[in-house]
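Let's get to know a protein by asking it a few simple things. Have a look at the picture first.

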Amino acid sequence: TINLTVTTVGAALGDGTLGVTLAQKSGIQTGGGTITVTNTGTLSVDQPVLSDAGTVAGGTIQLKASSDITTSLTGPITSSGTGANTAGGEILIWSTGGNITLGTAVSANGNGTASGALITITTDAVAGSVQVSAVSSTGGGGNAGSLVQINSGTGGTTQAGVTVITALSLKVISTGTVTLANNNAASNFAADLSTAATTKNLTFNNTINLTVTTVGAALGDGTL
C-alpha cells in the first residue's frame with residue numbers, strides 16, 4: 001500500500017549511461033480510451049487526466065482509492081466529446097475509505113448535438129466528506145446533459161470557491177450537512193439526507209428553472 005500521485009514524471013525515462021531516453025510526460029491522456037486508476041492508499045492528481053484527445057467521443061474515467069482522493073488546480077478530469085456531435089464519457093471518482101477534495105474541474109460534456117455523460121463522486125467512509133469544484137455534464141443541439149450525483153458521509157458536501165455544477169440533473173445523498181450555495185445550473189434536483197442521525201442542513205442555490213423531482217434510478221448508474 002503506497003500513496004499515488006498522477007503528476008509529471010521524469011525528464012526522460014531511462015536517463016543514464018545506456019543511451020535510451022523517453023520524453024517527459026504529465027498526467028494521463030487517451031484518445032477516447034478507458035482510463036482506470038486504482039490505489040490502495042491516497043490518490044492525488046496534480047496533472048490532467050483526459051480521455052478526449054483528438055476528435056473523439058469521451059472515454060470512461062475511473063479514479064478509485066481506499067483513502068483520500070485529492071485533485072489540484074492543475075489536474076482537471078475531462079472526458080468530453082471533441083469530435084463533431086460526440087458524447088461525453090462517464091466519470092467515476094470513488095473513495096472507499098476517505099475524503100474527496102476536488103480542486104479543479106470535472107467535465108463530461110457532449111459536443112455539438114450530443115449529450116453529456118454521467119458523473120459520480122462518492123465516498124463510502126462513514127465520516128467521509130466531499131468537496132466539489134466545477135462539475136459539468138452538458139449537451140447541445142436540443143440534447144440534454146446528464147446526471148451528476150454526489151454521495152458523502154457525516155463530513156457532508158461542500159463546494160470550492162465560486163465554482164458551479166452544470167448538468168441536466170443533480171442528485172445529492174449525505175448523512176452530513178450539504179452546502180452547494182454557488183450559482184449552480186441544473187434542471188432537476190433531488191437530495192436525501194434522511195439517514196442522518198441528527199438534523200442536517202441543505203443549502204442549494206440554482207440559477208435556472210428547477211424541478212425538485214425523482215432523479216436517477218440508483219447511485220452508481222452507468223457502466224462503472
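Here are some questions and answers about this model.

This is a predicted model, so local features need pLDDT of at least 70, side-chain atom pairs count only at pLDDT 80 or more, and totals for chains, interfaces and linings use all residues. Residues are numbered from 1 along each chain as its sequence is written, and side-chain values use heavy atoms, with hydrogens and water left out.

Q: How many helices and how many strands does the protein have?
A: Helices (H or I, at least four residues) and strands (E, at least two) are DSSP runs, numbered from the N terminus. Going by that, the protein has zero helices and 22 strands.

Q: What percentage of the residues in the protein is buried?
A: Buried means under 20% relative accessible area, exposed means over 50%, and partly exposed is in between (1.4 Å probe, protein chains only). With 224 residues in the protein, the buried share comes to 44%.

Q: Which residues touch the most other members of the largest nonpolar core?
A: A nonpolar core is a set of buried Ala, Val, Leu, Ile, Met, Phe, Trp, Tyr and Cys residues joined through side-chain atoms within 4.5 Å. The largest one here has 34 residues, and the pair that touches the most other members is I121 and L170.

Q: Which two residues form the aromatic pair?
A: Rings of Phe, Tyr and Trp (its six-membered ring) pair if their centres lie within 6.5 Å; planes under 30 degrees apart count as stacked, over 60 as edge-to-face and the rest as tilted. The structure holds one aromatic pair. It's stacked, at 4.1 Å centre to centre with 5 degrees between the planes, and its partners are F189 and F204.

Q: Why does this pair tie together parts that are 15 residues apart in sequence?
A: F189 is buried, with a relative accessible area of 5%. The tie comes about because F189 lies in strand 20 (residues 178–192) and F204 in strand 21 (residues 202–206).

Q: Which side chain makes a polar contact with the side chain of T60?
A: T60 sits in the loop between strand 7 (49–50) and strand 8 (61–65). A polar contact is a pair of N or O atoms within 3.5 Å; within protein, one must be able to donate a hydrogen and the other to accept it, and residues adjacent in sequence count only if both atoms are side-chain atoms. At 3.3 Å, the partner is T34.
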